[in-house]
Each structure stands twice: as structure tokens, then as C-alpha cells.
Amino acid sequence: MRPEQTPWIPEIGDRSKPVYLAIADAIADDVRAGRLAPGQRLPPQRLLAERMGLDFTTVSRAYGEARRRGLVDARVGQGTFVRPPSAPCRPPDRGLPVSAGLIDMTMNQPPLPDGQELLERLRQGMAAVVTDMGLRGILHYPEAGDLSEDRSAGTLWLRRRLPDMAVERILVCPGTQGSLLALLTALARPGDTVCAEALTYPGFKAVATQLGLKIVGVPMDADGLDPDALRAILAAHRPKALYCMPTLHNPTTATMPPERRRAVVAAARDHNVPIIEDDIYGLLAEDAAPPLAALAPEITYHIAGLAKSVSPMLRVAYVVAPDARQALRLAAAQRATMLMASPLSAAIARRWIADGTAEAVLAAVRDEAVARRALADSILPVGSFAAKREAFHLWLHLPEAWTRGEFATHLRTRGIAAVVSDTFATTAEAPEALRICLGAAADRQETRRVLDILAEALDQSPALAAVVI
């Protein structure tokens, strides 16, 4: 019998270190002292958080750290257990995060490629940047206007999507979210209307709401924006901008074919409405059609963030404005709201792009995304989801027996957090669907476990699923 009669609470008298590390240290100490026995189940994370007066995230990080050290195992739907001494353990890797307890698939992050050589290449590049910058470069603001190298890196990164790009049209921003803040600040005023797909990136919704803008949703189909509906909405509402994601759309993964792109551009041109094109997934799709900025450069602001193709930690995005004058206008909006992109992050991105590291990461992320999509094809019911080959998120269509709220709640009881369609909706109606972010799983084995749970739930009614649990 497992010795679980006495509830375990860690002793963390030393508060000189982060609490989550102190809890992980306490787990290690208690395992060595025999106060935690092999196979013993640790308290549920939320319960331990309540008992210790901590927030849930702190305890979740502590359990994750303990798992990284090889002290515990997390079993989906069962809990966290002390690892037997004989159990195989992966060596700790302080550069890569792992999931513990709840598998949080609400953040659409790129899947971790499997490769120590790539990790070492990233580390060496960052170290070289710090060495080159020197103490003065790290501890001082950059010289005013000294952004030519970073903007040139942007032209190099965009060469496959927008060749022969004039460097004067590029602005370096602190991620896609920062780009959207600068763009909407420059293009609209409180009370104005902007348009977006009926389902759209929640970050855009958040920025527009923060700035007091009204969002009008444009109907979609399997190919993205409906051009006829777009024309009607542009005529009726006269919006200040149209935001859209033509390639590997978030959340549906819809990708506009060339003729659809031409129709959308024509509608925007006819109504003189600027387009904000979010191409954050554009480089992942190997056969993507030319971006809208290539079809209508005079009205399109093209955003190429690095978060999904290289690293979310960099917080760097390259924005291509219609011309140099509009780039200067956008730069003024950025200075007023965010000042600048992090010079250190921009320098790391510049180096990785120049020496091919960014391209290597992109290829590794794409390969891993394709592999996980193949797992979904082999496990989930045919027709139950939409996803393009290189996308690392799925748009899960629910059978009639389930509502999106019921299904999301059921997944949480099985240790999985996912996002319901309401989060993305810009209209009154939202479909019975969820976004599943396969990149959040630690590896392909965990991806397979998640997909097995999804397949099982899709094959059941809510009542039967509750009984099975």
C-alpha cells in the first residue's frame, strides 16, 4: 500500500530563493530522507497551493521542476507520483521546459525540436552577441537611429516572402503584439472601426479593445475571408483597417489560395482600406502563396514575427510599411507606446539570421510540426479537425453530443487545457470548436497521449465520459 495516509506539505523555511525552487528542493530532501516514498502520490497542485497559501502557478512550476530533476512522474488524469529509484530518468536540461500535471495547450507555442546540437548553437550565438556588445552596449541605450543592421536583418529574413525589400520600409518591433499596438495607434482613433476575420487572433482583439476600437467580424469559409462579405462590410462600416492572417490562420489554419488573396486585395483597394497582414506562420508553410504585401504593397502593413518560427522569447517582429514615409509614422507611434524593440533581442535575432541559425530552427520547428500533425492524422477521427501540414495547432470540430464548454471542462479533468472558440470570435456566434496546440506537448510521446485522450472523448457522449473518468 502506498504511504499516503498523512498529507504531505513541504517545509520551505528558506525564502531566499524562488518558492517554486524551494518546494522542489523540499521534495528532493524528503525523498532522500524517506519522508516521501517511491510511488507516493503528491497532493494535487491546487490543493497544495491552498494549504500553503500560494498561487497555483507557483506549485505547478515546482512540480515541473521536480519532474525535470527526475524526482517525480506526472500521469495525465491521475496525478504526480514520486519516481521509484530504478525508474529511467532523462538527464536534466536547463534549457528546455517540460510540462507537469496540467498540459497547457492554450498558448500556441512552437514545438520543441529534438537536438542538443541546435541548442548549443543557440547558446553560442547568444554568448557571442553579449561579448560583441560589451559592457557599454549592454548598459546603455543604443545610439539614436542606429537601427540599420537590424532592419537589414529583417530584409534578409523576409527575402523568400518579400524579395528586394527596401530597408527604409522596415520597422523592428517588440513582437507581433507590439507591432499591432503601434499600427492601430497610428491608423485609428478611439471609437473607430476595424475589421478582422470572424475568428481571429485574441491578441488583436485585446489591443483593439484597449484602444477603444470597435471590431466588425468578417465571415469566413475554409479558404479564409469571404471576399463578397468583406466588400459589403467595408462599404457599410468604412473601417480604418482590415486585420487578417492569410497563411495558417489562427485558430482555423485556413490558408487563402492565390485567387482569394487577389479578391481580398481588390476589395481593400476599392474601398481604400489599409491591410494589416499578420504573417507570423508564413515561413512555416513551404508552399504558401505570395503574401498580400506582395500583391498590394501600397496599402499593406506586413508583420513577420519570430515567435512561431524561431523563438517566442525574442519578442522581435519585422513590420514592412507601404513606404518609407509610413514607416516613419509607425516608428513615431512605437516610440510613444513602447519606445523600441529590445536591442539585445534584436541583436540576437540579427546574428541568428545572418549565420543561418534562425533558418535551422525554422526547419527543425517545421519538421516537428509535420511529425505531430501526422500523429493527429493517425489517431483522431477523420474529419474531426482542420489543420494544414506545417501547422502546430488544430481546429477541433466537436460532434453534436458535445458543447465546447463541456468538452473543455472534460479535457481539464484529464489534465489538458485548451481554448474554446469564443476566445477568437468577433461576431455574436461561435462554432462548437476548440483550438488544440500540439506544440505545447513536451515531446511526441506526450503529443500521442493528448491525441489519444481527444480521440477517446470525441467517441463518447458527455455522460459516458463522466462515467469513464
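In the predicted model, Tyr 243 has Ile 276 of strand S10 as its bridge partner, and strand S9 (residues 242-244) pairs with S10 (residues 275-278) in the parallel sense over three bridges, where pairing requires at least two DSSP bridges between two strands. Helices (H or I, at least four residues) and strands (E, at least two) are DSSP runs numbered from the N terminus. The model is a prediction in which local features need pLDDT of at least 70 and side-chain atom pairs count only at pLDDT 80 or more, whereas totals for chains, interfaces and linings use all residues. Residues are numbered from 1 along each chain as its sequence is written, and side-chain values use heavy atoms, with hydrogens and water left out.

The open sheet comprises seven strands in the order S4-S12-S11-S10-S9-S5-S6, with mixed pairing; its edge strands, S4 (170-173) and S6 (214-218), each pair on one side only. From one strand to the next the twist averages 20°. Helix H6 (residues 175-187) packs on this sheet, touching, among others, S4, S9 and S10, and its direction makes about 160° with that of S11 (300-305), contact being heavy atoms within 4.5 Å. Helix H7 (residues 202-210) likewise packs on the sheet, touching S5, S6 and S9, with its direction at about 170° to that of S5; axes are lines fitted to C-alpha atoms, for helices over the stretch in contact, and angles run from 0 to 180 degrees between N-to-C directions.

Val 130 lies in helix H4 and counts as partly exposed because its relative accessibility is 40%, the class between buried (under 20%) and exposed (over 50%), with a 1.4 Å probe and protein chains only.
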